[in-house]
Amino acid sequence: MRIISGKYKGKRLTAPKKLPVRPTTDMAKEALFNILNNQYYFENLTVLDLFAGTGNISFEFASRGATEITAVDANSGCVQFISRTAKELNFEIAVMKSDALKFLERTKSKYDIIFADPPYSFDVSQFSKISELAFSNELISDEGLLIIEHSEQTDLSELPNFAEKRKYGSSIFSFFKYTN
């Protein structure tokens, strides 16, 4: 995986092979960040990266200037890799070892962007729980977004606050926001 843009543009990061992850592809990540780049100033964002895995998304936000980033993953190896890499790159990323849904139930923080990349094997009710907790607990700022990455086999368009979806390769990004 590589950092697409910002301070560390082009930097390759190699995660240990034993981590149970499926990192967002560079093509999909670049497309996602092109969308976000047209809507936000990264320096001002508060970001929550759920099911953070290798920290791929967190590192991209940090390279582009975001300084309030929280990465959450339940796997100790993932948490250690993100922490070590963030320290090496001098990124301010708060790394938490936690089940993502439990984190959403407990946190009182508010975020401009919540990115969730749960296992593609989740069923719609599990994906729905992410959206439900994020909005019912008011964890997303008024102009903020929840972005859930999932496979083509999953359709989240019927969930409340769904705004749109974008397909990049075999990945789908579903965007959720407050409706007026």
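Student: In β3, which residue is the bridge partner of Val72?

Tutor: Happy to start there. This is a predicted model, in which local features need pLDDT of at least 70, side-chain atom pairs count only at pLDDT 80 or more, and totals for chains, interfaces and linings use all residues. Residues are numbered from 1 along each chain as its sequence is written, and side-chain values use heavy atoms, with hydrogens and water left out. Across in β3, Val72 has as its bridge partner Met96.

Student: How many bridges join β2 to strand β3?

Tutor: Strands here are DSSP runs of E of at least two residues, and helices are runs of H or I of at least four, numbered from the N terminus. Two strands pair if DSSP finds at least two bridges between them. β2 and β3 (residues 93-97) run parallel, and the number of bridges joining them is 5.

Student: Through which helix does the chain cross from β2 to β3?

Tutor: This β-α-β crossover is right-handed, a term meaning that, with the strands pointing away from the viewer, the path from the first strand over the helix to the second runs clockwise. The helix on the way covers residues 76-89 and is α3.

Student: And which residue of β2 is the bridge partner of Asp49?

Tutor: Strand β1 (residues 46-50) runs parallel to β2, with 5 bridges between them. β1 and β2 also belong to a right-handed β-α-β unit with helix α2 (residues 56-63). Within β2, the partner of Asp49 is Ala71.

Student: How many residues of β2 are buried?

Tutor: Buried means under 20% relative accessible area, exposed over 50% and partly exposed in between, using a 1.4 Å probe and protein chains only. Strand β2 (residues 68-73) is mostly covered, and of its 6 residues the buried ones number 5.

Student: Which residues lie nearest the centre of the largest pocket?

Tutor: A pocket is an open set of points on a 1 Å grid over the protein atoms alone, where a 1.4 Å probe fits, with protein on both sides within 12 Å along at least five of seven lines; lining residues have an atom within 4 Å of a point. Helices α2 and α4 (100-106) each supply at least two residues of this lining. Of the 25 lining residues, those nearest the centre are Pro20, Phe51, Gly53, Asp73 and Asp117.

Student: Which strand gives the largest share of the lining of the second largest pocket?

Tutor: This pocket is lined by 12 residues, and Gln39, Glu143, Gly144, Leu145 and Lys177 are closest to its centre. β5 (140-151) and β6 (162-168) each supply at least two lining residues. The largest share, 4 residues, comes from β5.
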